[in-house]
Amino acid sequence: MNWIILVIAGLFEVAFTFCLGKAKASSGNETYMWAGFAIALCMSMGLLVKATQSLPIGTAYAVWTGIGAVGTVLVGIFLFKEPATFLRLFF
């Protein structure tokens with residue numbers, strides 16, 4: 001069960017970076033994006049803490065960060081139309 005919680009925490013990490021990107025890209029009232037950012041950030045951290053109660057911290061943090069990094073790159077490419085160059089994908 002804690003692995004599922006950890007994956008959900010990683011997805012909330014992607015959600016808070018998405019909200020951050022939308023707030024940055026918007027012009028006007030982006031208050032709801034900042035609220036979404038704060039909620040997703042709290043959920044991500046809270047679930048990470050819950051998962052580390054039974055999983056090793058090093059493993060949990062590496063998985064959480066990996067999900068967030070890969071998810072954020074994919075969100076940037078597919079939703080924010082960022083370039084998908086070879087070097088970016090490689091690194």
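Which residues make up the largest nonpolar core? I5, L6, A9, L47, L48, A51, L55, A60 and W64 do, nine residues in total. A nonpolar core here is a set of buried Ala, Val, Leu, Ile, Met, Phe, Trp, Tyr and Cys residues joined through side-chain atoms within 4.5 Å, and buried means under 20% relative accessible area with a 1.4 Å probe, protein chains only. Bear in mind that this is a predicted model: local features need pLDDT of at least 70, side-chain atom pairs count only at pLDDT 80 or more, and totals for chains, interfaces and linings use all residues. Numbering runs from 1 along each chain as its sequence is written, and side-chain values use heavy atoms, leaving out hydrogens and water.

**Fold**
- Reading along the sequence you get α-α-α-α, with four helices and zero strands (helices are DSSP runs of H or I, at least four residues; strands are E, at least two; numbered from the N terminus).
- The C-alpha trace spans about 40 × 35 × 15 Å along its principal axes.
- Of the 91 residues, 27% count as buried.

- Beyond its neighbours within four places in sequence, I5 is in contact with L47, K50 and A51 (contact means heavy atoms within 4.5 Å).
- There's also a second, separate core of six residues, among them F16, C19, M33 and A40.

**Contacts**
- Taking contacts between residues at least 6 apart in sequence, 69% join residues at least 24 apart.

Definitions and conventions. Buried < 20%, exposed > 50% of the residue type's maximum accessible area, 1.4 Å probe, protein only.
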